[in-house]
Amino acid sequence: MCLAIPGKVEEISIEGELRIGRVNFGGIVKRVCLDYVPELEVGDYTIVHVGFALSKIDEETALQTLEDFRTMGVLDAELESEDEAFTRAAAVPPSNCPDGSCSEK
Amino acid sequence: MKYLTEFRNGELAKKMAREIAAVTTKPWKIMEICGGQTHSIIKNGIDQMLPAGIEMIHGPGCPVCVTPLELIDKALAIAAGPGVIFCSFGDMLRVPGTERDLFQVKGAGGDVRIVYSPLDAVELAVKNPDKQVVFFAVGFETTAPANAMCVHLAKRRGLKNFSLLVSHVLVPPAIQAILDSPGNVVQGFLLAGHVSSVMGYWQYPPLAAKYKVPMVVTGFEPLDILDGIRRAILQLEAGKYEVENAYARIVSFDGNQPAQKMLAEVFEVTDRAWRGIGVIPQSGWRLSAAYREFDAEERFQISGIRTVESPLCRAGDVLRGAIKPAQCAAFGKECTPRHPLGATMVSSEGACAAYFNYGRFLSADELASAGSTLSE
């Protein structure tokens, strides 16, 4: 759960006190607070953890990292919706494997 | 190693492993702090690509794992209470407390929500003024800035129905505790990449110098981890103990300054218990005096909850690197991912769960060499 996922800032708006971006993570779009990386503009890539941009990165790094995380199977758990989280939880017994990679023999 | 071949740079990884073998003349023990890195190392068989004598020791860097059972029980008590919306990240749902888990509390009628971001919990508080919205703030320095911003926001908006159940832990004091522990075997560290993206790595040079251990800021992909290991070994072989950055495309020395400023305002350093290890002095954050009113432990009557952990479990020894998971007598027997006794089997980022899930039981050689530990 400490992974920060790379995404592309597609839109920026001011919501109350916060600067909020719509960030695209390889197809999944999330609302992300940009206040910790004020230099971010539309079109930039950033790494994001639990809805907060943490640093700006270049496009090549972003795309490669995204692809690697997808291969590593960690992307889905980081970006899942609430319904997906509960469905996944329902499928495992109490005690667990947060990212669903647990296949007990 | 079947997984590694799926990577775009599988061949490059093998080449890097050969480079590591070429520069290694002595056995070394290196700890990766971060649970995400542990997962990557085991899943991709990175430890098995290393020359004989290079041992990866899996550190305490899984926030789910090190959250004390007592705090899980407190979370469950709050979540089961009337008028509460209890918000958490998905990975806490099935972490067992003494009697049940959050998923079961929801099944029994508790209003448990899974949020992508703590900001979603703030929104819920705004939309549900008649409910108390509590967010379970688990995590290392990577996650803390998000929670800090949310409390800051709640205070500015005057939200009286939002609070945090805080379980934030910090990497540098954990490293220091490992280095101070009697019989420490760790000779070098891979520092966690994303923690460092927030905090930078300015905190580490004094530690590296005091204990004469090299530290390398390292990423998560197999190539990054191999590069971190290679750089640590080069330093160890040369007798150096510097802090090096092998993840410069993400991490700077200073880290994210606006985030660190917010953290310093909202949180203060406190002693914190780590599941399986015990209390490490000055190893966590709690809300500072100015934000204490948002502390769920103060808002709800839960201070009477006291929990004792299993005496069979040797998670503390695993987390300190004193034993490998399979050397614990309970591993795979009383303790499995379905029935975990301790922190390191609870989360898939935990070393015991990673070993179990990828079939890492002891080989005959390991059994022989583990004999002394097992008979203790």
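A residue is taken as buried if 20 or more other C-beta atoms, placed from the backbone, lie within 10 Å of its own, as exposed if 12 or fewer do, and as partly exposed in between. The structure is a predicted model, in which local features need pLDDT of at least 70 and side-chain atom pairs count only at pLDDT 80 or more, whereas totals for chains, interfaces and linings use all residues. Residues are numbered from 1 along each chain as its sequence is written, and chains are lettered from A and ligands numbered from 1 in the order in which they are written.

Helices (H or I, at least four residues) and strands (E, at least two) are DSSP runs numbered from the N terminus. Helix α5 of chain B, residues 69–79, is mostly covered, with eight of its 11 residues buried; among them are B:Leu69, B:Ile72, B:Lys74 and B:Ala79. With contact defined as C-beta atoms, placed from the backbone, lying within 7 Å, the buried residues of α5(B) pack against β3 (84–88), α6 (102–107), β4 (111–114), β5 (132–139), β6 (162–169) and α14 (296–299) of chain B.

Two strands are said to pair if DSSP finds at least two bridges between them. In chain B, six strands form an open sheet with mixed pairing, in the order β4-β3-β5-β6-β11-β10. Its edge strands are β4 and β10 (267–274) of chain B, each of which pairs on one side only. Neighbouring strands of this sheet are turned by 25° against each other on average, direction ignored. Helix α8 of chain B, residues 144–156, packs on the sheet and touches β5, β6, β10 and β11 (278–287) of chain B, its direction making about 155° with that of β6(B); axes here are lines fitted to C-alpha atoms, for helices over the stretch in contact, and angles run from 0 to 180 degrees between N-to-C directions. The pairing of β3(B) with β4(B) is parallel and extends over four bridges, and B:Ser88 has B:Ile114 as its bridge partner in β4(B).

Chain B is divided into domain 1 (1–310) and domain 2 (315–374), with bounds that come from an automatic or database domain assignment. The C-alpha centres of these two domains of chain B lie 20 Å apart, and 29 residues of domain 1 are in contact with 21 residues of domain 2. On the side of domain 1 of chain B that touches domain 2 of chain B, the largest share, six residues, comes from α2(B).

The contact between the chains takes 56 residues from chain B and 40 residues from chain A. The largest share of the side of chain B that touches chain A, five residues, is supplied by α8(B).

Definitions and conventions: Two residues are in contact if their C-beta atoms, placed from the backbone, lie within 7 Å.
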